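Look at the model first, then read on.

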Amino acid sequence: MSHYTIREVDATYPLPDLGTPIPAQQAFFYGTWHEKLGRHVYRFVIEKESNPIGVLQLVAVPLVYKYSLLYAPYGPVLMETTRELIGEIARVVSQVAKKEKAVFARLDFTAPTCASDTIFANSGFRRPPRGALHGSAFQPTYEWMLDLSPSLDGLRANMNKKHRYSLRVSEEQHVTTRTICTGTRDYLAQFFALIEETAERDGFTAHPRAYYEAVFDSLEQGHGYLTIADFNNEIAVINVIVAHTGVAYLLFSGSRGVYRHTMATYAAQWASILQAKHMGLHTYNFGGIAGTGDNRYAGITRYKKRFGGYPMSHEMTVDLVHYPLLYALYSFRRRLKS
């Protein structure tokens, strides 16, 4: 008989205290954003002898025809990793995968101690092929974090001198900033226009509007805030920040290219950091950066690093394959795109 119980819960279930931070991507409100897109979301609490020791949130992402993939972004979050527990997780995930006709399930295990590849392999997990590790459906392997404990002067001093100069330029250009904690929905249309412009300019694909609507609903429920930079009484930048378990997550930033010379993006970013510190949050998460030898995101990586901070790695990513041939085809296609 297993020492572990994995039971399904709904989005209203309060997240347990695991003694370790639960990433926002495993917070149950995050799953509601995907449900607004018509995706199925599965939420589980993992218990050992009736005591919670983990959470797991899986999102079913459509692929082609009737097939999908399952993804646990930065999850499951666990207090321990044992052979028995990994096996129980594999069993439950396989049940969901069968229901969803998932070609494979990808899990980004988050735990205080790493499980060995042997333990994963014994439960049927495998490491993803390098070319198939990245994709729009997945979270980045590396993120850039900023410790908010220093004073404001200390945070500014730790910033690269080029960023301090850009902030001075924004002040000289009379860029102003404001923080929106309530009534965020009033800015949804303006943000969506900005993020579409930014996506076209920078070559990425924006989410459907329904996804952003769900995010803004979460902000209205107290899960974050907006920072806005204005120039000449027009909105130049809107940052969307989610606050969860002491961490401010920079989710999205939309900007007007015509105001790039004002350095409004730097002013908005600094205002986002100041608001996080004002709220008593301990860490600011800039989001994904490139890993060593990866030059695809060199510009944005350099931009984030110059604010000061440190990297966080999420390297316990494994796949549980259910349709080997389709998985091979999927991996080959991803390698061609990478």
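The side chains of D230 and R178 form a salt bridge, with N and O 2.6 Å apart. D230 sits in strand 10 (residues 224–231) and R178 in strand 9 (residues 176–180), so this pair ties together parts that are 52 residues apart in sequence. The model is a predicted one.

How exposed are the two partners? D230 counts as buried because its relative accessible area is 10%, and buried means under 20%. R178 is partly exposed, at 31%.

**Other salt bridges**

The structure holds 15 salt bridges. R106 and D319 make one of them, at 2.7 Å from N to O. R106 belongs to strand 6 (residues 102–108) and D319 to strand 15 (residues 317–321), so the contact joins parts that are 213 residues apart in sequence.

D217 pairs with R185, and their closest N and O atoms are 2.9 Å apart. This bridge also links distant parts of the chain. D217 lies in helix 7 (residues 209–223). R185 lies in the loop between strand 9 and helix 6 (188–202). The two are 32 residues apart. R185 is partly exposed, with a relative accessible area of 36%.

| D230 and R178 | 2.6 Å | 52 residues |

Some salt bridges share partners. Which residues do they join into one network? The members are E197, R201, D202, E234 and R256.

**The second largest pocket**

The second largest pocket has a volume of about 460 Å³. It is lined by 24 residues. Closest to its centre are P21, P23, T110, M312 and H314.

Which strands supply at least two residues each to this lining? They are strand 8 (142–147), strand 12 (247–255), strand 13 (283–289) and strand 14 (310–313). Strand 14 gives the most, with three residues.

What is the make-up of the lining by class? There are 14 nonpolar residues, eight polar and two charged.

How values were computed: Residues numbered from 1 in each chain as written. Predicted model: local features only at pLDDT ≥ 70, side-chain atom pairs only at ≥ 80, totals over all residues. Heavy atoms only, no water. Salt bridge = Lys/Arg side-chain N within 4 Å of Asp/Glu carboxyl O. Helix = DSSP H or I, 4+ residues; strand = E, 2+ residues; numbered from the N terminus. Buried < 20%, exposed > 50% of the residue type's maximum accessible area, 1.4 Å probe, protein only. 1 Å grid on protein atoms, 1.4 Å probe; cavity = no way out; pocket = protein on both sides within 12 Å on 5 of 7 lines; lining within 4 Å. Points joined across faces, edges and corners; volume = space filled by probe spheres on them. Nonpolar A, V, L, I, M, F, W, Y, C, P; charged D, E, K, R; others polar.
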